[in-house]
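Subject: Structure handover

Hi,

Here is the structure I promised to pass on. Please open it next to this email and follow along.

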Amino acid sequence: MSRETLAALPYLFDFWALPHQLPPDGDWRSWVILGGRGAGKTRAGSEWVRAMVEGAGPRDQGRARRVALVGETIDQAREVMVFGESGILACSPPDRRPDWIATRRLLIWPNGATAQLFSAHDPESLRGPQFDAAWCDELAKWKRAQETWDMLQFGLRLGDDPRACVTTTPRGTGALKDLLARESTAVTHAATEANRANLAAGFLDEVRRRYAGTRLGRQELDGVLLADAEGALWRSDALAALQDDRAPVFDRVVVAIDPPASGHRGSDDCGIVVVGVVTQGPPQDWRAWVIEDATVSAASPAVWAGAAVAAARRHGAERIVAEVNQGGAMVEAILRQIDPQLPYKPLRASRGKAARAEPVAALYEQGRVRHLRGLGALEDQMCLMTVRGFDGQGSPDRVDALVWALTEAMIEPALAWRSPRLRLL
């Protein structure tokens with residue numbers, strides 16, 4: 001390569017970019033880049049702005065002349081989008097680097113293109129200016145996201161094809177969900193892992209160790225948009241606050257099974273959840289920890305029964321309980337083929353799933369249930385269980401098993417404790 005080519009190579013983003021960092025083909029108005037922390041979203045946004053404003057030569061006009069840069073606050077927009085390590089100034093070659101006019105919150109390129117900073121805390125500041133391109137960073141964090149996005153759309157009216165790029169870690173906000181649902185929106189997605197080569201050594205190992213399998217990890221590392229159903233009995237932010245790394249010594253451990261109606265491929269999962277409880281003092285002082293979600297998918301009865309017995313042995317469970325509305329005596333027979341001395345109790349549902357779940361949700365509201373890390377799939381289902389029923393696809397097998405486990409471990413013993421006659425029995 002020539003000296004000039006070598007000098008230009010670091011700034012040829014098409015050569016270095018990861019697939020999720022390149023604009024998709026097609027006729028889109030908004031491009032949303034969903035990614036985990038450190039997945040390269042900011043670099044993608046900066047390079048997209050460069051591609052829009054730069055021409056073939058330093059003073060040649062590009063596709064866009066007036067750009068809006070919108071961050072959660074002015075400070076964050078300036079420090080991340082403009083001056084950050086992956087910001088516009090750091091990504092620009094010397095002969096095309098824009099000047100920063102601090103008093104006007106403005107970038108001016110050698111070809112005359114401009115980019116102005118705006119804060120999502122002040123949607124009205126977008127009333128009046130007009131643009132042919134916009135870069136919005138961390139839209140899912142904006143407190144006035146819908147107002148700000150709406151005002152930006154009214155100003156995005158210059159040129160033949162005005163477009164916006166949105167870089168954000170996904171959160172289930174109304175504005176982001178509405179944007180993703182639009183036909184004019186294109187989406188690329190990447191987990192933090194995709195950008196491993198550009199991250200500090202040990203960072204991924206540490207955060208994976210701490211957050212793998214949790215809802216927070218799926219959102220912040222995997223870049224997955226997690227949904228809470230309207231009227232859900234559990235909320236994702238509340239569950240995120242319940243995470244523990246360790247559990248105490250338990251007075252009792254229960255394994256609950258929600259068997260599928262059939263064991264063929266494509267049938268419902270078999271929910272298997274393990275709960276441990278500390279029952280010192282009166283019932284209001286009892287505490288429970290959800291230890292493990294051992295659910296198995298589309299498995300034969302022998303497989304899910306083996307998984308349940310293995311979980312019981314792994315955690316030293318005092319009892320296995322299982323819903324038998326559909327399986328009847330078959331469930332016990334299968335379990336006892338594996339362990340004839342199994343401490344087993346059948347349970348029959350007399351109420352609907354939502355009605356059974358509400359008393360368990362009340363235990364969470366009282367702060368009496370904690371979760372060990374790694375229960376992301378279970379927590380996803382919990383956030384889709386509403387007072388009207390399950391708002392997700394299929395059956396809430398994991399939630400059903402959780403409800404049976406906590407009912408057996410906490411609710412039923414508390415009722416017995418409060419009844420003198422039952423306590424004598």
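The mean positions of the 52 positive and 54 negative charges of the protein are 3 Å apart. Lys and Arg count as positive, Asp and Glu as negative; His and the chain ends are not counted. Each charge is placed at NZ of Lys, CZ of Arg, CG of Asp or CD of Glu.

Before the rest, two notes on the source. This is a predicted model, where local features need pLDDT of at least 70 and side-chain atom pairs count only at pLDDT 80 or more, while totals for chains, interfaces and linings use all residues. Residues are numbered from 1 along each chain as its sequence is written, and side-chain values use heavy atoms, with hydrogens and water left out.

Overall picture

The protein has 16 helices and 17 strands. These are DSSP runs, numbered from the N terminus: H or I of at least four residues for helices, E of at least two for strands. The C-alpha atoms fill a box of roughly 90 × 50 × 35 Å along the principal axes. The accessible surface is about 20,100 Å², and carbon and sulfur atoms hold 50% of that. Areas come from the Shrake-Rupley method with a 1.4 Å probe; for residues, only the protein chains shown count as cover.

Of the 425 residues, 49% are buried. Buried means under 20% relative accessible area, exposed means over 50%, and partly exposed lies in between (1.4 Å probe, protein chains only). Take the contacts between residues at least 6 apart in sequence: 70% of them join residues at least 24 apart. A contact means heavy atoms within 4.5 Å.

Strands pair here if DSSP finds at least two bridges between them.

Val32 has Val166 in β7 as its bridge partner.

The seven-stranded sheet

A further open sheet has seven strands, ordered β9-β15-β12-β11-β10-β13-β14, and its pairing is mixed. β9 and β14 (344-347) stand at the edges with a single partner strand each, so one side of each is left without a neighbour in the sheet.

β15 (residues 369-372) runs parallel to β9 (residues 243-244), joined by two bridges. Gln243 has His371 as its bridge partner in β15. β15 also pairs with β12 (residues 287-293), in the parallel sense, over three bridges. There Ala288 stands opposite Val369.

Four bridges join β10 (residues 252-258) to β13 (residues 319-323), and these two run parallel. Val255 stands opposite Ile320 in β13. Helix α11 (residues 301-315) lies across β10, β11 (271-278), β12 and β13, at about 170 degrees to β10. Helix α12 (residues 329-338) lies across β10, β13 and β14, at about 160 degrees to β14.

Ala113 sits in the loop between β4 (106-108) and β5 (114-119). Is Ala113 buried or exposed? Ala113 counts as buried, because its relative accessibility is 0%. Leaving out residues up to four places away in sequence, Ala113 touches Val53, Ala64, Arg65, Leu107 and Ile108. Its C-alpha atom is 9.6 Å from that of Arg59, 54 residues apart along the chain.

The other two stand out by phi. Most residues other than glycine have a negative phi. Arg105 has a positive phi of about 55 degrees. Arg105 lies in the loop between β3 (99-101) and β4, and is partly exposed at 42% relative accessible area. Glu138 also has a positive phi, near 55 degrees. Glu138 lies in the loop between β6 (133-137) and α6 (145-155), and counts as buried at 18% relative accessibility.

Best wishes

Key
Axes are lines fitted to C-alpha atoms, for helices over the stretch in contact, and angles run from 0 to 180 degrees between N-to-C directions.
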